[in-house]
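Have a look first, then follow along.

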Amino acid sequence: MTGLTTNQDLDPRRLREAFGVFPTGVVAVAAEVDGRITGLAASSFTSVSLEPPLVSFSIATASKTWPDLRRAGHLGLTILADHHGAVCRQLAGDPERRFAGLALSATELGAVTLDDGLARFDCSVYREVEAGDHVIVLLRLHAVEHADTSGPLVFHRSGFSRLAESSLFRM
């Protein structure tokens, strides 16, 4: 292995490839805004804090969906299961068809979640942090439901996969 050198050209394509070797889970973030359901898929979800209960995801500053979605009082966040590959592609596609044919639930405050996710959260924007060409969105949790025991949808090297049974172990 060769050593790392500083001042090298960190072109976005090379960075995306390098970042892609780290597998992540995928979430749907959705809400009812101005009488219609709007949302997106994000592969940058992470837990942040238990007290207060916070999670986060990152969104590109160029996103056309986030300016509308962030106006919602409450957001629904669904952790996608390993059978949601097509759903994730749908959520990343045409904004007018992102939720077509999906079984959804909405809270009185407008948070929208997929009925068959691994876990579902009702949350609100706690803080936004500018971070280069993205915004890190911290969300405060208000409610959680965890019922599904299947595996998570995994985003790795620009594609979707699932965890192998042998890779599931408890520490």
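## A pair of strands to start with

Let's begin at Ile79, which sits opposite Ala119 of strand 9. Strands here are DSSP E runs of at least two residues and helices are H or I runs of at least four, both numbered from the N terminus; two strands pair if DSSP finds at least two bridges between them.

A word on ground rules: this is a predicted model, in which local features need pLDDT of at least 70 and side-chain atom pairs count only at pLDDT 80 or more, while totals for chains, interfaces and linings use all residues. Residues are numbered from 1 along each chain as its sequence is written, and side-chain values use heavy atoms, leaving out hydrogens and water.

## The sheet around them

Zooming out, the protein has three helices and twelve strands. Seven strands make an open, antiparallel sheet, ordered 3-2-6-9-10-5-4. Strand 3 and strand 4 (46-50) are the edges; each has a single partner strand, so one side of each has no neighbour in the sheet. From one strand to the next, the twist averages 35° (axes are lines fitted to C-alpha atoms, for helices over the stretch in contact, and angles run from 0 to 180 degrees between N-to-C directions).

Leu139 is in contact (heavy atoms within 4.5 Å) with Phe57, Leu75, Leu77 and Ser124, among others, leaving aside neighbours within four places in sequence.

## A polar residue under cover

Is Ser124 buried or exposed? Ser124 is buried, at 15% relative accessible area (buried is under 20%, exposed over 50%, partly exposed in between, with a 1.4 Å probe and protein chains only). Ser124 belongs to strand 9, and its side chain makes a 2.7 Å polar contact with that of His142 (N or O atoms within 3.5 Å, one able to donate a hydrogen and the other to accept it; residues adjacent in sequence count only if both atoms are side-chain atoms).
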